[in-house]
Amino acid sequence: MASASAPGAAAPASTAPVAAAASKKKIAIMTSGGDSPGMNGVVRACVRMAIHLDCDAFCVYEGYDGLVRGGDYIRKMEWDDVRGWLSEGGTLIGTARCMAFYERPGRLVAAKNMIINGIDALIICGGDGSLTGADKFRAEWPSLLSELVQTGELTAAQTAPYQHLNIVGLVGSIDNDLSGTDATIGCYSALTRICEMVDYIEATASSHSRAFVIEVMGRHCGWLALMAGVATGADFIFIPEKPREDNWREEMCAIVHKNRQLGKRKTIVIIAEGALDREGNKISSEMIRALLADKDGLALDTRITTLGHVQRGGTAVAYDRMLATLQGVEAVRAVLEATPESETCFIAITENKIVRKPLMAAVQNTKSVVAAIEAHDFDRAMALRDTEFSDQYKSYIMTTAVQLDQHMRLPEKERMRIGFINVGAPAGGMNAAIRAGVAYCISRGHEPLAIHNGFAGFARHHADSPLRSVRPFDWLEVDGWASKGGSEIGTNRELPSDSGMETIANLIEEYQFDGLFLIGGFEAFHALSQLRTAREQYPSLCIPMVLLPATISNNVPGTEASLGSDTCLNELVSYCDKIKQSASATRRRVFVIETQGGRCGYVATLAGLSIGASAVYTPEEGLSLDMLATDVRHLKEVFANDKGQSRAGRLILINERTSSVYTAKLVADIIREEAHNRFEARDSIPGHVQQGGVPSAMDRCRAVRLAIKCIEHLEAFGRNAHNRVKKDPTSAAVIGIKAASVVFTSVEELEKTDTDWPNRRPLDAFWLNMKDVVDVLSGRPPYHPPKEILTGLQAKDAKRGIIS
């Protein structure tokens, strides 16, 4: 570690090479604290956005240590220096602890190094400690410059252009422990690693009928342990914010014993490294192992697995790449717009919205959680976490208390028969949603019934022998669905009108359903719309119905996020990473990859953002020969300037419904023809691979939270709610994530205000402006978008020359 004095003695004021004051703003980017997947995406976005806005971009290598050391640790970056960084794990510019920066002499040297390089704007990606240090550095900046002038290290003329330091923070942390943001960069990648490991462990645990205690990171924050417990259906979890009651030993043993009695062959307990009991005493993995293995108790063959730094490893998942990129772009804008009076901010995400928030307020709230835990004020610690955290904790408790807590059960007259039906194509998270909904129903005393194979199965196979399409769930079987892909109860695109609306209405009456829980994509939305409309004709349809959107296309009105879309993006990004590796290895090759998504460009756009695509073609914008010509010219220039020394592989993503003429194959053929053998072009279609295998951790957690809210929504109407259903529009509703809230919106309202029926997508899409970010960060030149396609009389009049 460098001392504070050594770098400071590098050059006296008279000879120190100081960057001349110029019109170009110089912005430095650094990563600090523990590494997290996605940090490289931040650096790439910041460097390229800074260059795009005509600024000079610098990277500070090895965090604050590099800032103190100076010299080659602070390097100017060019556009191509960050090519390919999105798919790399860790941080390529390094991070290191720096004791020197904790002391003022170290910060004095760091300030001098920044002035020498002409830098007075700093973007830092790290944890709360790193960001707190940055805020202190900014507060001291004027006095640091004064001291540098007084001691003769720099002259007043040298420091004059840099009187104010602007700092913006981005939170890179796998623990997701900073208040004020829904997610920190890297947390979902770490959660994905944990869930993968637990899934692997479950297989061997079940084989040998063993118990496993799995320890995950989280000294003061139980987010990873909680979400892993929700996503994997763990038997028991321990988190710092919410210790179990004093009888936690008896409670855990009771749950494990009950599950074993039901026939469950595996036991999974997940513990955060900072787990405590209500007296503040540490609960260790060994304590839990000993309890589970106690020969006078459960006597289970028990193992401990401490996941350790594997949680930090590997490349970032799609969500973390998207988050890193969007926050990096916003950080550059924020640091350029900052004034000396501006409060230091950090970039946060709140339910899909990238926002700026005061840094020190968030840091203080985060410290308040730690203080509450240390003071054993656990109710306050939970209250200081965000709404999703408390929702997920309640969801977890509900899904693990199945058949255990009789106090949760409703009186007999309030219990409902609820039908579960999947409609449309399979999507990751469907089974997790079914499992959560069934668990809630059983815990509350409701009777959940599976309608297998959609409305087609309901209409034509409900009376099959020996296996009807309508039958009760077996909880032992359903409990193992948390990590399963596809749809265990089947799914079908057939609509109620295709099956026969009268038949469906009669069957709902025959099976005495009090509520209907639909899971699916646009077909499910259309089905719910048809059922609502048919209520006037068929009174048996006057029961509460709710839809949980689940489709890789993310095209259901009423929500900004559908189950399965994150799983799809992870599969597609992984596929593209492999393709890009091939394209880069051959140096001069372009791959045109066709994505799914129907007439919605969400998948193509978000994947393009996550892999650094050269261009993305979507149905919303369309595709024209002029656009292709512009992009081909750009590719020619790129390959002409590339001398083989860099990663030259290029990817173009095209949605399957972008154009009926310009298919992925045709676009690749055009590029190949225009390349004149100077570079290659190939097309590639991942197809149904995009539907994914094992659902992503995000889709699993989201499925559990939203499914339970859906059943609660049905429960609020209760049995025999015919009159209320007819009067309340939300009796046929879609659950969705909108802005900063989870909301229920009536299908009737969505039909009128937010549904593009011909194109089977919402009228308003929050992600549309992300395509501009894809274009900017790929260096794509401006182009003329296609003209609007005329239809009907307008098209006829145009062809006749009546209108232009």
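**Entry 1: domains**

I looked up the domains of the protein chain in this predicted model. The assignment gives domain 1 (26-183 + 316-367), domain 2 (187-311), domain 3 (406-563 + 695-738) and domain 4 (566-693 + 772-778). Such bounds come from an automatic or database domain assignment. I then looked up the separation of domain 2 and domain 4, and their C-alpha centres lie 43 Å apart.

I noted the conventions as well: residues are numbered from 1 along each chain as its sequence is written, and side-chain values use heavy atoms, with hydrogens and water left out. As the model is predicted, local features need pLDDT of at least 70 and side-chain atom pairs count only at pLDDT 80 or more, while totals for chains, interfaces and linings use all residues.

**Entry 2: helix 7 and helix 8**

Two packed helices are described by the angle between their axes and the distance between the axes. I looked up helix 7 (residues 187-208) and helix 8 (residues 223-232), whose axes come within 10 Å and cross at roughly 50 degrees. Helix 7 is therefore oblique to helix 8. Angles under 35 degrees count as roughly parallel, over 145 as roughly antiparallel, 65 to 115 as roughly perpendicular and the rest as oblique. Axes are lines fitted to C-alpha atoms, for helices over the stretch in contact, and angles run from 0 to 180 degrees between N-to-C directions. Helices (H or I, at least four residues) and strands (E, at least two) are DSSP runs, numbered from the N terminus.

The crossing of helix 7 and helix 8 is right-handed; this term applies if the near helix is turned clockwise from the far one by less than a right angle, and left-handed applies if anticlockwise. On the side of helix 7, the residues in contact (heavy atoms within 4.5 Å) include Leu191, Ile194 and Val198. On the side of helix 8, Trp223, Leu224 and Met227 are among them. I found that the residues of this contact divide into twelve nonpolar, one polar and two charged. Ala, Val, Leu, Ile, Met, Phe, Trp, Tyr, Cys and Pro count as nonpolar, Asp, Glu, Lys and Arg as charged, and the others, Gly among them, as polar.

**Entry 3: Ile268**

I found Ile268 in strand 8 (residues 267-272). Ile268 counts as buried, at 1% relative accessibility. Buried means under 20% relative accessible area, exposed over 50%, and partly exposed in between (1.4 Å probe, protein chains only). Leaving aside neighbours within four places in sequence, Ile268 is in contact with residues including Val198, Ile201 and Glu202. Val198 and Glu202 also belong to the contact of helix 7 with helix 8.

**Entry 4: helix 23 and helix 24**

I next looked up helix 23 (residues 625-641) and helix 24 (residues 664-675), whose axes come within 10 Å and cross at roughly 50 degrees. The two helices are therefore oblique to each other. Helix 23 passes helix 24 in a right-handed crossing. Leu628, Val632, Leu635 and Lys636 of helix 23 meet Val667, Ile670, Ile671 and Glu674 of helix 24. These residues divide into six nonpolar, no polar and two charged.

**Entry 5: backbone details**

I looked up the loop between helix 24 and strand 20 (680-684), where His676 lies. His676 is not a glycine, although its phi is positive, about 50 degrees. His676 is partly exposed, with a relative accessible area of 48%. Asn677 lies in the loop between helix 24 and strand 20, and its phi is near 65 degrees. Asn677 is exposed, at 79%.

Lastly, I noted that the peptide bond from Ser465 to Pro466 is cis, with omega near 10 degrees. Pro466 is in the loop between helix 16 (454-461) and strand 14 (470-472).
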